[in-house]
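Subject: Structure for your review

Dear colleague,

Please find the structure below, handed over for your own work.

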Amino acid sequence: MGKWTRRGVLSAGVVGGTGLVIGIAVRPGNPTETAGHLVTGKGENLLHIYLKIDDQNRATAILPHSEMGQGAQTALTQMLAEELDADWDLMRFEEAPADGAYANMALGRGYLFAGVNFPDAVVPTVDGLVLKLADALGMQITGGSMSIRSTGQYFIRAAGAAVREMLVNAASKAWGVPQDEIRTANSRLYHDTSGRSAPYSEFAAAAARVTPSSTPKLKKAGQFTVMGQSKPRHDIPSKVDGTAMFAMDVKRPGMVYAAIRRTPVAGGTLLRLDDSKARAMSGVIDVIKIDALKASGMLGAYSAGDSVAVVADSYWRAEKALAVLELEWSTKGKEQVSSASIFEQFDRDITAGVNRLVDVASGDADAAFDSATTLLTADYRVPYLAHTCMEPPNATAEVTADRAEIWIGCQNPLGFRQHLAANLGLDLEQVTLHNYFMGGGFGRKSNADYALQTAIIARRVGRPVQMVYSRAEDIKQDFYRPAVQSRFKAGLDADGKLIAWQNTYVDKHEPAEAPLIPYAVPTQDIGHVASPTHVPFGAWRSVDHSQHGFFTESFIDEAAHAAGRDPYEFRAEMLKDKPRLLAVLNRVAQEANWGRPMEEGRGRGISLQESFGSIVGQVVEVTVSGGKTWVDRVVAVIDAGYAVSPDGMKAQIESGIIYGLSAAMYGEITIEQGAVAQSSFADYDAIRMHDAPVMETHIINSGAAMGGAGEPGTPGVAPALANAIFDATGKRVRTLPVIKADLRSDAEASPSVAAVGA
Amino acid sequence: MTTFTLNGEVRTVNTDPETPALWVIREQLDLTGTKFGCGMAQCGACTIHVNGRAQRSCITPVSSLEGASVTTIEGLKGADGTLHALQQAWIDQQVPQCGYCQSGQLMSAAALLAENPSPSDSDIDNAMRGNVCRCGMYGRIRSAIKQVADASFYDAMEGNQNG
């Protein structure tokens with residue numbers, strides 16, 4: 001591989017995961033010439049693409065990730081401050097502009113080189129490559145639980161350390177003393193023998209002309225003073241007094257409002273539109289038909305179908321007028337498609353096994369099942385899920401013939417900007433995107449459909465437009481966590497040992513390892529068949545782990561019970577060669593007081609899930625009474641290698657657990673006559689205060705490579721819940737959501753009891 | 001024409017009388033701290049105080065506010081800018097993640113404490129069950145309410161804090 005040089009592109013080629021051959025881009029030594037104008041104001045010096053220092057000695061982290069609640073911006077700032085030896089009180093952050101200079105390679109790396117550990121010496125070269133690729137693909141993504149473990153670990157810390165060295169270098173020249181006699185602390189430089197000292201700001205301009213080292217010296221974990229501390233989040237004060245700015249809070253001069261409705265059957269077209277009543281209503285400015293548009297997201301591109309928007313002088317008037325439009329949509333021949341027909345299709349395709357692709361094949365499955373003394377089979381099913389971010393998709397846009405400007409909250413600002421440019425027929429430079437706090441993202445806001453709809457409306461109206469989805473539109477026009485069926489077969493030998501594991505499921509997306517199990521089962525046959533539907537799907541917090549975590553950790557529990565074994569001990573015995581996983585499992589059992597007897601009607605269940613580089617163990621305790629399930633308590637343990645902000649990590653894990661629990665208990669999007677049937681929190685509810693469990697989260701700093709925190713809490717809660725319900729009732733929940741399962745005891749379900757209950 | 005007091009100031013608006021207060025407050029009166037979440041009183045993001053009681057502004061016709069005293073999240077602070085005890089507790093407990101629902105959570109909690117300065121867990125459940133938080137910060141919200149409960153008394157009618 002080539003050397004790290006000042007500029008230019010080396011001739012070596014590398015084949016990336018997409019099959020593209022990319023020249024190894026060499027990251028320029030100092031980006032201030034190309035990016036300085038984007039991010040600096042008066043009195044500010046950009047010292048590194050991720051860091052500027054102003055004349056008051058305040059240092060600002062410029063972060064290529066969006067804030068959707070996860071708090072990563074504060075944690076990334078901690079990483080920068082740590083290596084910079086900065087005074088925490090002088091640190092702040094801002095989000096990077098949607099510019100190629102800030103394309104992030106976090107997901108690029110993850111997607112192209114998943115599971116590959118690079119030797120440190122190669123990292124700069126590979127990063128250069130991925131930087132180029134990320135730029136080309138328009139990646140500036142927040143997702144994949146990547147911010148800290150990739151951007152932070154590989155780039156932000158290096159930026160802080162490099163700038164510290166640059167400041168030392170500049171001071172050394174000015175003071176005429178050797179660099180190794182200068183020390184740094186609290187955003188100041190010190191030369192102790194001469195008694196000189198100066199704030200960083202004094203040398204910021206000189207340091208900005210120094211080329212950063214590509215191998216700055218990073219601190220070791222034992223030296224951290226800012227990392228590892230639970231620093232209060234910088235964004236929180238603005239989120240308690242109403243001043244935090246979300247995209248919907250933007251107001252442009254002369255702005256009007258749009259309400260929108262897209263075809264109920266995904267991909268459908270508008271056959272007939274009568275807008276005469278709507279146009280006659282007061283305040284209505286225009287009714288606009290938007291032809292099928294391309295919506296691209298992290299998991300693919302779709303034709304999103306036609307939509308209609310009403311533009312009015314207030315959002316309320318726009319919504320009212322939208323309601324009286326007479327609309328007729330094509331159903332694309334999907335009017336017979338229902339959730340029932342979709343699951344019938346899955347069942348058929350799994351049984352047929354046509355073109356089954358194999359994830360794992362070890363040992364001879366047929367022989368293993370032949371030799372087994374106990375066989376176990378089960379089919380698991382999960383429904384489609386919507387994201388229901390608290391803030392529905394919305395955007396504000398001004399678009400002319402040769403310019404577009406958009407105010408939005410999204411998970412991929414650069415990608416959105418490119419999507420707009422491509423679909424509006426503009427050059428990238430003609431599109432400006434301002435990104436705001438997101439009121440939840442969870443994967444939904446990585447799809448640019450709502451940005452493009454807004455821009456098209458704004459261009460047609462010729463004035464600034466704010467477009468807002470109603471809650472019904474949000475639920476009906478999502479990119480859903482797919483519905484999935486997964487079929488299992490397990491074989492146990494005479495000693496109750498699990499000797500064979502077979503699994504076939506429909507449709508594989510990301511991450512590839514989601515269906516795999518960590519347990520030492522000698523014979524494994526895990527594979528999948530394609531069974532596509534017309535329902536759009538996308539990334540949903542923890543992506544494929546959200547379904548496979550439920551499937552595999554429930555079925556392993558079934559195997560334990562079939563073997564007559566304790567589900568915790570059964571797992572532990574198969575993890576002898578996986579010390580990190582075993583340590584998490586043991587710790588969560590210990591913290592949850594596993595084995596302590598429980599009252600009648602109560603139960604506890606355990607799960608273990610590795611995802612996004614982190615290992616999470618969970619124990620759920622439930623009470624089941626009269627067929628109703630109460631989740632009393634969730635104990636979680638996470639090993640993410642190292643917690644940069646322990647409180648932030650706990651908040652993320654607990655958030656992920658509630659998100660997963662909402663889905664496991666209540667979440668179900670159904671398809672009727674080809675369209676989504678749900679439309680509000682009344683028929684697509686979430687966990688609320690009165691049914692939220694008590695939670696506790698314990699952190700293991702194992703020192704292993706850093707993992708993510710935003711998603712790993714989610715996959716393990718559904719199986720631990722279902723396992724707890726089995727412990728309480730003897731009934732196995734194999735189809736989510738739990739609320740649909742009949743969990744009444746025989747006595748409770750008997751006609752006499754039912755009559756009394758009625 | 002509807003005239004009411006908003007965060008201590010008399011305001012008059014001229015709009016369709018059935019327009020929900022949420023949109024009047026956000027679009028015409030430019031106070032954007034009150035959030036749109038569902039438009040059907042199912043999520044609580046739009047909660048305001050009307051004469052001291054928590055109310056979902058997304059289904060409150062503006063005409064019903066005639067003569068009323070209305071407080072939004074922007075008016076929860078004291079007149080001197082001091083944070084309401086709950087706002088400080090929200091910071092102390094690091095409650096918000098995305099933060100979008102928190103204006104509504106705070107307004108519901110403030111109305112609860114105004115009426116019941118030392119709520120039980122089930123009182124908190126009942127007062128807060130109308131407020132969805134998709135980031136799932138219910139445990140922290142409960143801790144923050146308890147931090148303030150008993151410690152002070154909030155007068156929602158006056159929009160300030162006593163004792």
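**Cavities**

A search of the whole structure, which is a predicted model, finds six cavities of 30 Å³ or more. A cavity here is a set of points, on a 1 Å grid over the protein atoms alone, where a 1.4 Å probe fits but cannot get out, and lining residues have an atom within 4 Å of a point. Grid points are joined across faces, edges and corners, and a volume is the space filled by probe spheres set on the points.

The largest cavity has a volume of about 110 Å³. It is lined by 15 residues, and those closest to its centre are A:Arg481, A:Ser546, A:Gly660, A:Ala663 and A:Leu736. Helix H17 (646-665) and helix H18 (717-729) of chain A each supply at least two residues of this lining, and H17(A) gives the most, with three residues. Helices (H or I, at least four residues) and strands (E, at least two) are DSSP runs, numbered from the N terminus. By class, the lining of the largest cavity has ten nonpolar residues, four polar and one charged. For these classes, Ala, Val, Leu, Ile, Met, Phe, Trp, Tyr, Cys and Pro count as nonpolar, Asp, Glu, Lys and Arg as charged, and the others, Gly among them, as polar.

The second largest cavity has a volume of about 50 Å³. Its lining consists of A:Ser238, A:Lys239, A:Gly242, A:Ala244 and A:Phe246 from chain A, with B:Gly33, B:Lys35, B:Gly99 and B:Ser103 from chain B. Two of these lining residues are nonpolar, five polar and two charged.

As to conventions, residues are numbered from 1 along each chain as its sequence is written, while chains are lettered from A and ligands numbered from 1 in the order in which they are written. In this predicted model, local features need pLDDT of at least 70, side-chain atom pairs count only at pLDDT 80 or more, and totals for chains, interfaces and linings use all residues; side-chain values use heavy atoms, with hydrogens and water left out.

**The second largest pocket**

A pocket is an open set of grid points with protein on both sides within 12 Å along at least five of seven lines. The second largest pocket holds about 470 Å³ of space. Of the 21 residues that line it, A:Glu95, A:Ala96, A:Pro97, A:Ala98 and A:Leu433 lie nearest its centre. Four elements of chain A each supply at least two lining residues: helix H1 (32-39), strand S6 (91-95), helix H11 (413-424) and strand S21 (431-435). S21(A) gives the most, with five residues. The lining of this pocket divides into eleven nonpolar, four polar and six charged residues.

Why does the second largest pocket lie between domain 1 and domain 2 of chain A? Both domain 1 (9-220) and domain 2 (247-332 + 393-468) give residues to its lining, so the pocket lies between them. The domain bounds come from an automatic or database domain assignment.

**The two chains**

Chain A has 20 helices and 31 strands. Of its 758 residues, 60% count as buried, where buried means under 20% relative accessible area, exposed over 50% and partly exposed in between (1.4 Å probe, protein chains only). Among contacts (heavy atoms within 4.5 Å) in chain A with a separation of 6 or more, 74% are between residues 24 or more positions apart.

Chain B comes to five helices and seven strands, in the order β-β-α-β-β-β-α-α-α-α-β-β from the N terminus on. Buried residues make up 61% of its 163 residues.

**Individual residues**

A:Gln652 lies in helix H17 of chain A and is buried, with a relative accessible area of 6%. Leaving aside neighbours within four places in sequence, A:Gln652 is in contact with A:Gly69, A:Gln70, A:Arg541, A:Ala709, A:Gly710 and B:Gln97.

A:Arg157, in helix H5 (residues 147-175) of chain A, counts as buried at 6% relative accessibility. Its C-alpha atom is separated by 8.4 Å from that of A:Leu76, 81 residues apart along the chain.

**Cysteines**

The whole structure has zero disulfides over all chains, a disulfide being a pair of cysteine sulfur atoms within 2.5 Å. For B:Cys38, which is in no disulfide, the nearest cysteine sulfur is that of B:Cys43, 3.9 Å away. B:Cys38 is buried, with a relative accessible area of 5%.

With kind regards
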